[in-house]
Amino acid sequence: MNQLNQILIVYLTTPASDFYLSKMLAKSKDPSLEPFNASNVDAGSIDFYGQTIDVKLQDLSIAGLTNIQIEKKDGKPRIDINGDLVTFIANRPNTEAPPQGIPEKLIASGQLLIVAGGENSPLVPVTITVNTGQLTGTFSATGEPTQPDSVNIKFTNLTITTDATPENIVVDLSQLDSVFKPQIEELLKKPETLADLVGKLNDQVGTSSVLDAVSNAGTQAAQQALKSFVG
């Protein structure tokens with residue numbers, strides 16, 4: 001393990017550091033991870049007496065992505081080093097240094113759209129709560145720790161993992177008043193539907209624009225932390 005990675009691993013797990021994971025991710029801008037605004041998501045379809053009813057989630061704003069901390073196994077942080085690549089696994093919520101104003105659970109708020117016979121229904125508020133889960137990330141770290149401005153962080157992966165069960169991913173349709181409500185509730189409780197929604201969210205979290213934004217935030221945070229270290 002090179003010296004840069006040794007130092008960054010310490011910073012990644014030290015709440016006072018600029019490079020502390022939850023603080024570093026929260027600095028991501030354009031797009032922001034806190035909250036993270038997701039594009040419209042197709043939640044699937046139901047059959048209603050031979051008619052196909054499409055269900056869509058729109059205008060999703062997701063809070064809680066940054067309320068995490070590096071997971072520990074047998075007292076050791078779950079961080080793997082392979083050359084310049086650093087891979088971490090983080091759990092929610094952050095109990096070491098909880099970020100203020102950020103929910104412990106992952107909460108997505110948006111609008112539910114029902115399309116029946118080519119006609120759009122009025123939008124209805126919907127909330128999706130993910131009780132537990134992890135975030136896996138991979139980044140490369142290059143540069144000289146004694147020359148902070150030379151250090152560069154490049155994220156190549158961010159992936160949300162969670163149990164795709166109705167007990168863990170709870171969809172609140174209390175404001176939906178529709179003849180299709182029982183069928184839509186059943187659809188959004190199916191593990192395969194929930195797994196598909198998580199997969200589609202990961203497609204958006206893993207886009208180049210998001211990874212570039214996190215890389216920029218990580219680079220700035222690492223450089224700031226190292227400048228404090230170098231003095």
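**A strand, a helix and a buried threonine**

I begin with helix α4, whose buried residues are Thr193, Leu194, Leu197, Val198, Leu201, Asn202, Gln204 and Val205. Please bear in mind that this is a predicted model. Helix α4 covers residues 191–205, and at 1.5 Å a residue its 15 residues should span 21 Å. The C-alpha atoms at its ends are 21 Å apart, which agrees with that expectation.

I now turn to strand β9, which comprises residues 106–116. Eight of its 11 residues are buried, so the strand is largely enclosed by the rest of the structure. Which strands pair with β9? Strand β3, residues 51–63, pairs with β9 in the antiparallel sense over nine bridges. Within that pairing, Ala108 of β9 is the bridge partner of Ile62. Strand β11, residues 124–130, is also antiparallel to β9, with seven bridges; here Leu106 has Val130 of β11 as its bridge partner.

The pairing with strand β10, residues 119–120, is antiparallel as well and has two bridges. Ala116 is bridged to Glu119 in β10. Together, β9 and β10 form a hairpin with two residues between them. In the turn, Gly117 has a positive phi of about 60 degrees.

My last item is Thr136, located in strand β12, residues 134–142. Is Thr136 buried or exposed? It counts as buried, because its relative accessibility is 17%, and the cut-off for buried is under 20%. Leaving aside neighbours within four places in sequence, Thr136 is in contact with Thr87, Phe88, Ile89, Asn157, Leu158 and Thr159.

Conventions: Residues are numbered from 1 along each chain as its sequence is written. This is a predicted model: local features need pLDDT of at least 70, side-chain atom pairs count only at pLDDT 80 or more; totals for chains, interfaces and linings use all residues. Side-chain values use heavy atoms; hydrogens and water are left out. Helices (H or I, at least four residues) and strands (E, at least two) are DSSP runs, numbered from the N terminus. Buried means under 20% relative accessible area, exposed over 50%, partly exposed in between (1.4 Å probe, protein chains only). Contact means heavy atoms within 4.5 Å. The expected span of a helix is 1.5 Å times one less than its number of residues. Two strands pair if DSSP finds at least two bridges between them.
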